[in-house]
Amino acid sequence: ILNQATKRSLVIMDELGRGTSTYDGYSIAYAVLSYLSSKIQCRSLFSTHYQALCEEYKDTSNVGLCHMSCFVDEAKKEVTFLYKLKEGICPRSYGMHVAAMAGLPLKLVELAEDISAKFESNSQMAKYYDSKIGNGKNLPVHLVSTQSTGGQILMI
């Protein structure tokens, strides 16, 4: 795709970097998005579960940020995806809600939430972003699906 794309192309990429380590996947997605937006400059739809990637591009004039809207019931730990594109960065991950909806016992979901919070606060990636953009708390430290994050979509 990158070798053939021109300024007149429409490029659609979904979950680039998925299935790799968090650091490798993020770095691959970052490099490709950077290349698309600065070198090729074609129209693109680029979906990602890396919230930090969206944070990095929030002030880039030729990148628009959107996410799939959802309704969240915190008491029931449920999320309903509305399949409507909404402007802006998805406010948070809903992976724990999806885990609860999939039948993971609530005790394990709560344990996973605690572990995730510890990973976020101790993550080298979080420290890097805290120093760079001051928002390490929103970093995913594990891979989750686009649906469980509400789906970040970057449009160039």
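A disulfide is a pair of cysteine sulfur atoms within 2.5 Å. In this predicted model, a search of the whole structure turns up 0 disulfides. C66 shows why: its sulfur lies 9.8 Å from the closest cysteine sulfur, in C54, too far for a bond. C66 is also buried, at 9% relative accessible area. C42 is buried too, with a value of 1%.

**Aromatic pairs**

The structure holds 3 aromatic pairs. One of them joins Y26 and Y50. Its geometry is edge-to-face, with 5.7 Å from centre to centre and 85° between the planes. This pair links distant parts of the chain, its members being 24 residues apart. Y26 sits in helix 1 (residues 22–40). Y50 sits in the loop between strand 2 (43–48) and helix 2 (51–57). Both Y26 and Y50 are buried. Ring pairs also tie Y26, Y30, Y50 and Y57 into a cluster.

**Positive phi**

Most residues other than glycine have a negative phi. Where does the chain place K77, in a loop or in a strand? K77 lies in the loop between strand 3 and strand 4 (78–87). Its phi is near 55°, a positive value in a residue other than glycine. Y83 has a phi near 55° as well, again positive and again not a glycine. Y83, however, lies in strand 4. K77 counts as buried, at 15% relative accessibility. Y83 is exposed, at 60% relative accessible area.

S69 belongs to strand 3 (residues 64–73). Which residues touch S69, leaving aside neighbours within four places in sequence? They are F81, L82, Y83, K84 and K86. S69 has a relative accessible area of 12%, so it counts as buried. The exposed Y83 is thus one of the contacts of S69.

**A nonpolar patch**

L104, L108, L111, I115 and F119 make a nonpolar surface patch of about 440 Å². I115 lies in helix 4 (residues 106–122). With 37% relative accessibility, I115 counts as partly exposed.

**Accessibility at a glance**

| Residue | Relative accessible area | Class |
|---|---|---|
| C42 | 1% | buried |
| C66 | 9% | buried |
| S69 | 12% | buried |
| K77 | 15% | buried |
| I115 | 37% | partly exposed |
| Y83 | 60% | exposed |

Notes:
Residues are numbered from 1 along each chain as its sequence is written. This is a predicted model: local features need pLDDT of at least 70, side-chain atom pairs count only at pLDDT 80 or more; totals for chains, interfaces and linings use all residues. Side-chain values use heavy atoms; hydrogens and water are left out. Helices (H or I, at least four residues) and strands (E, at least two) are DSSP runs, numbered from the N terminus. Buried means under 20% relative accessible area, exposed over 50%, partly exposed in between (1.4 Å probe, protein chains only). Contact means heavy atoms within 4.5 Å. Patches are made of residues with over 30% relative accessible area and no salt bridge: like charges are joined within 9 Å, nonpolar side chains (Val, Leu, Ile, Met, Phe, Trp, Tyr) within 5 Å. Accessible areas come from the Shrake-Rupley method with a 1.4 Å probe; for residues, only the protein chains shown count as cover. A salt bridge is a side-chain nitrogen of Lys or Arg within 4 Å of a carboxyl oxygen of Asp or Glu. Rings of Phe, Tyr and Trp (its six-membered ring) pair if their centres lie within 6.5 Å; planes under 30 degrees apart count as stacked, over 60 as edge-to-face and the rest as tilted.
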